[in-house]
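Dear colleague,

I am handing over the structure below, and I would be glad if you could look through it before reading my notes.

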Amino acid sequence: MELEKHEYDVVVVGAGGAGLRAAIEAHDSGARTAVVCKSLLGKAHTVMAEGGIAAAMANLYPEDNWRVHFRDTMRGGKMLNHWRMAQLHAQEAPDRVRELEDWGALFDRTPDGLISQRDFGGHRYARLAHVGDRTGLELIRTLQQRTVALGIDVYMECTVTRLLTDEDGIIGAFGYWRESGRFVAWQAPSVVLATGGIGKSYKVTSNSWEYTGDGHSLALQAGATLVNMEFVQFHPTGMVWPPSVRGILVTESVRGDGGILKNSAGNRFMFDYIPDFFRKETAETEAEADRWYDDKKNNRRPPELLPRDEVARAINSEVKAGRGTPHGGVYLDIASRRSPEYIRKRLPSMYHQFRELAEVDITAEPMEVGPTCHYVMGGVEVDPDTEAARVPGLYAAGEVAGGMHGSNRLGGNSLSDLLVFGRRAGQAAAEHAHGCAGRIELPDDALAEAGRAALAPFEREGGENPYTVQHDLQQTMHDLVGIIRTAPEMELALERIAALKERVANLSVEGHRQYNPGWHLALDLPHMLIVSECIARAALEREESRGGHTRDDFPGPDPGWGKTNLICSSASDGGVAIGHQPLPQMPAELAEIFEETPS
Ligand SMILES: Cc1cc2nc3c(=O)[nH]c(=O)nc-3n(C[C@H](O)[C@H](O)[C@H](O)COP(=O)(O)OP(=O)(O)OC[C@H]3O[C@@H](n4cnc5c(N)ncnc54)[C@H](O)[C@@H]3O)c2cc1C
């Protein structure tokens, strides 16, 4: 087998915000570091992030601080977050944003010249540092420039298909160049997974083609565990029309900047859906909500800015009750509330997105929006301080890691998560590698087996086309494990996933190894199926509704379930096993923060 081999201390899989931040830190800690990514450098999913980076910098509200950010994050996650991750995130995010600025990121400014911060759902104070509605682009541009300047090796358009392990842990990774189809292996005692999310398992999603859950599945197969997989975030506002763009994100900044939600009868329906948990802080009348937009200080927030799970469920209920728009969404109106100049300045991407894709002028008419699969809270179970998974030498950061966001992520908390935990993962991975000098070697038989598995779809004749299987999986997850779930539907989903697994074992692809998208999909599909099985099994097990997991047959949160995490591991039959694990105990000094009255 023709194979290119390389040797590093740390290999980072993924070149989004988490991967690049991890690689920079590993390099600065003295490790020989490489980054591998499926797409071109600079094209990772992070580039799509619009609204901003959440960090309690107190630039607009001096009352803001890490304790309030910590409390907002835990409450947004319905207290299922790993408290230590939420604490580190809230404490370290401001430094990570300032560091990004030192490295050349140009944020929007306040009139006083400070980094400007905008409002987002679930955050008590305006705290999202932003660059118009193109924050992810600036974040990636900055990190990418630094990665290149430091001389870190980047393997782009290269897919990792397998992690390599021996009895002591990680020894490297195996993959192929997408353009030529040739194989490549990296020998390394530390691998950082930063592969992002899983949205492509669903039919309607804001996620890009890269989100096939590779890192989740690679980790599970290498012996690591996944946590919180039942929690999938359906962002309340994706485009619903025309069909070709269904699911594309409409940033929460539209609501943060004054946009309101209305049903087909013209009613501002979110006032009917304020949960008790948030009632003290949420406006209950239009006049009260409008006062917040005019003078935010100490006023109760409009209900459109409740956490995403609450807003998505409310939209779903309105549409189900027959009060939706002609294309099955609701109206998001900023045109009647802000001037065209304001909208074009604050939301330039949204303005162009609707003009070009839907022929709608958002400065003059409302948008039609509905929920779209957006983010997975579940991911690799890691140590909060080092991001180490249960397999020695394996680390995970960013969307592929679990625990930080509990059952529901607040907007803006992902970009800060990438920077805080990417840095920590890079540092710990480098330290681990220094202790492993000369220990590892890639065995030929493992490499040959990885190559054989990758080429198997070419060997089978007359098998099924991968695109049909992908379509059926996306439909199954959309119909049966979506925003509202029931036991019979999820049992049916698991039956269908089992049948799809058999079909995947019989896939065949035609043509050559040179850029062959059908082959790429055939290699992605097993990951998508494993991840989908984890979501469906964990969702069936959790008999309550909480955050990004709503059960029609168990409508409310259950205090017992509020103390338990579900852990997915690889079962001996190749499937997924589910275990229960008590939540880590929060120290008293942090628990006290929830007793403090918000100022
Ligand atoms: C439209 C949109 C807007 C958003 N806006 C915001 C926002 O304003 N604020 C916020 O906080 N969050 C936002 N999010 C969420 C946030 O953007 C993501 O959660 C975050 O960017 C994920 O970053 P990451 O570094 O974990 O992964 P990514 O940026 O997705 O990077 C994953 C990397 O892994 C690589 N990869 C994957 N599999 C493999 C493999 N097998 N082999 C090699 N490489 C692989 C990919 O090529 C890519 O380089 C938004 C999400 C979307 C979809």
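In strand β17, valine 380 is the bridge partner of leucine 226. Please keep in mind that this is a predicted model, in which local features need pLDDT of at least 70 and side-chain atom pairs count only at pLDDT 80 or more, while totals for chains, interfaces and linings use all residues. Residues are numbered from 1 along each chain as its sequence is written.

The sheet

Leucine 226 pairs with valine 380 where β12 (residues 226-227) and β17 run antiparallel, joined by two bridges; strands here are DSSP runs (E, at least two residues), as helices are (H or I, at least four), both numbered from the N terminus, and two strands pair if DSSP finds at least two bridges between them. β12 is also joined to β21 by two bridges, again antiparallel, with valine 227 standing opposite isoleucine 567 of β21. Between β21 and β22, which run antiparallel, there are seven bridges, and cysteine 568 has isoleucine 578 in β22 as its bridge partner. These two strands form a hairpin with five residues between them, and glycine 574 in the turn has a positive phi of about 90 degrees.

Taken together, the four strands form an open antiparallel sheet in the order β17-β12-β21-β22. β17 (379-380) and β22 (576-582) stand at the edges with a single partner strand each, so one side of each is left without a neighbour in the sheet.

The ligand

The ligand is surrounded by 41 residues, the closest being Gly14, Gly16, His45, Gly196 and Gly398; a residue counts as near if its C-beta atom, placed from the backbone, lies within 6 Å. The largest share of this shell, four residues, comes from α12, and among the other elements that supply at least two residues are α1 (17-28) and β3 (33-37). By class, the shell has 15 nonpolar, 21 polar and five charged residues, where Ala, Val, Leu, Ile, Met, Phe, Trp, Tyr, Cys and Pro count as nonpolar, Asp, Glu, Lys and Arg as charged, and the others, Gly among them, as polar.

The domains

The domain assignment, which is automatic or taken from a database, gives domain 1 (235-371) and domain 2 (460-564). Their centres, taken over C-alpha atoms, are separated by 30 Å. Five residues from each domain take part in the contact, two residues being in contact if their C-beta atoms, placed from the backbone, lie within 7 Å.

With best regards
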